[in-house]
Amino acid sequence: MALHGPAHLLDAGELAAMTSLFRRLTPGIRHAPLGDATWRRLASGPDTDFCAAWATSDALEDGHPDEVIAYAQVTRMPADEVWVAELVVEPDHQDQLVHLGAPLLTRALKGSGQHTHYWVSDPTPGHLEVVARLGLHDHRILQQMKRPLPLDAPAELRGLETRPFVVGEDEDVLLEVNRRAFASHPDQGHMTRAQLDERMHQSWFDPRGCLLTEIDGQVAGFCWTKLFDDYDPPLGEIHIIGVDPAFAGRGLGPRLVVAGLEYLAGRGAREGVLFVEGDNDGARAMYDRLGFEVTRTDRAFATSLHG
Ligand SMILES: CC(C)(COP(=O)(O)OP(=O)(O)OC[C@H]1O[C@@H](n2cnc3c(N)ncnc32)[C@H](O)[C@@H]1OP(=O)(O)O)[C@@H](O)C(=O)NCCC(=O)NCCS
């Protein structure tokens with residue numbers, strides 16, 4: 001086994017080797033199991049906001065190139081000071097998770113910023129050992145929830161009047177409602193204009209999928225959806241849902257989620273997904289009632305105590 005990196009650029013052969021590793025792990029989806037933002041960084045060329053390290057197996061006797069068996073990457077999040085660290089280990093080498101993961105992440109973290117969050121889905125004792133060896137701190141828990149689409153929502157949750165987001169007009173009001181709705185969840189509530197613009201420039205952004213609802217001419221809440229049509233079957237995400245606290249407790253939240261899911265189902269999504277903070281009991285209860293079930297728990301571990 002050999003360790004490589006830290007590197008700010010992968011050549012075409014290395015990129016192909018990483019892609020092959022990801023395909024072996026999640027057939028059919030090119031960027032998985034990395035987040036789509038981190039994959040874009042990996043695929044886009046030399047970058048000081050990106051650093052990678054990887055392990056290859058010993059050379060095979062039949063002349064095949066060495067296979068990448070583990071990969072670590074740190075990536076600065078767009079328009080943000082926070083970096084994200086990810087680690088991927090081939091299933092056949094999971095017994096070496098600590099042995100591979102700790103040195104690879106250490107190498108990749110050399111190219112990282114001050115605040116880095118190492119994200120792990122459904123951490124095993126091996127992941128927690130890596131976290132301990134790196135001296136990382138518990139930072140955040142997100143639960144992934146899913147349900148099949150279309151949904152057969154009760155009549156009282158259907159028919160909410162919404163309108164699509166208007167680019168160039170609705171940015172400020174969306175940020176303000178988001179800030180007010182997520183006042184107690186700063187990771188989400190502090191979205192800046194630059195971060196909003198960055199999301200609006202992604203290929204998945206479609207203003208029709210960001211539904212706003214108004215009461216007396218005032219935006220009372222929004223449901224921003226995201227369609228992954230490269231998934232089979234197509235996957236629809238409730239990306240952000242927020243109700244202005246001035247309009248809370250009137251049933252807008254569940255009706256907005258239903259409107260978002262109906263939009264996604266109408267665009268071909270056969271499964272709905274969302275991520276909810278581990279301590280957001282109110283939202284969690286709403287999603288339980290709408291038939292969502294927890295499918296994964298993602299935990300973030302931070303390099304610094306202040307996130
Ligand atoms: C979660 C959220 C969308 C729910 O929206 P909502 O329109 O308030 O939803 P509801 O009217 O169904 O109320 C949800 C619960 O909050 C209670 N509630 C919240 N604020 C209230 C208020 N000001 N007055 C009365 N009840 C209130 C309701 O009684 C209800 O409780 P119940 O589930 O026991 O019946 C909204 O609280 C919100 O925007 N939260 C912050 C953003 C967030 O967490 N989004 C989800 C991220 S994954």
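Reader: Which domains does the domain assignment of the protein give?

Author: Domain bounds come from an automatic or database domain assignment. Here that assignment gives domain 1 (2–135) and domain 2 (146–299). The model is predicted, so local features need pLDDT of at least 70 and side-chain atom pairs count only at pLDDT 80 or more, while totals for chains, interfaces and linings use all residues. Residues are numbered from 1 along each chain as its sequence is written, and side-chain values use heavy atoms, with hydrogens and water left out.

Reader: How many residues does the contact take from domain 1 and from domain 2?

Author: Contact means heavy atoms within 4.5 Å. Domain 1 supplies 15 residues and domain 2 supplies 14 residues. The centres of the two domains, taken over C-alpha atoms, are 30 Å apart.

Reader: What is the area buried between domain 1 and domain 2?

Author: Buried area is the accessible area (1.4 Å probe) that two parts lose on being put together, summed over both. Between domain 1 and domain 2 the value is about 1100 Å², and carbon and sulfur atoms give 47% of that. A polar contact is a pair of N or O atoms within 3.5 Å; within protein, one must be able to donate a hydrogen and the other to accept it, and residues adjacent in sequence count only if both atoms are side-chain atoms. There are 4 residue pairs in polar contact between the domains (both at pLDDT 80 or more).

Reader: Which elements give two or more residues to the side of domain 1 that touches domain 2?

Author: Helices (H or I, at least four residues) and strands (E, at least two) are DSSP runs, numbered from the N terminus. On that side of domain 1 the elements are α2 (36–43) and β5 (116–121). β5 gives the most, with 4 residues.

Reader: How many residues has the largest nonpolar core?

Author: A nonpolar core is a set of buried Ala, Val, Leu, Ile, Met, Phe, Trp, Tyr and Cys residues joined through side-chain atoms within 4.5 Å. Buried means under 20% relative accessible area, exposed over 50%, and partly exposed in between (1.4 Å probe, protein chains only). The largest core has 32 residues, and I238, V257, L261, L264, Y287 and F292 have the most contacts inside it. Elements that each supply at least two residues of this core include β10 (235–243), α8 (252–266) and α9 (281–289). α8 gives the most, with 9 residues. Another core, of 23 residues, lies apart from it, and A53, A72, V74 and V131 are among its residues.

Reader: How many salt bridges does the count come to?

Author: A salt bridge is a side-chain nitrogen of Lys or Arg within 4 Å of a carboxyl oxygen of Asp or Glu. By this rule there are 18 salt bridges, with 0 between domain 1 and domain 2. In one of them, R299 pairs with D138, the closest N and O atoms being 2.7 Å apart. R299 is in strand β12 (residues 293–302) and D138 in strand β6 (residues 137–148), 161 residues apart. D138 is exposed, at 58% relative accessible area.

Reader: Is E214, which forms a salt bridge with R163, exposed or partly exposed?

Author: E214 is partly exposed, with a relative accessible area of 37%. R163 is also partly exposed, at 24%. The closest N and O atoms of this pair are 2.8 Å apart. E214 lies in strand β8 and R163 in strand β7 (residues 163–164), so the pair ties together parts 51 residues apart in sequence.
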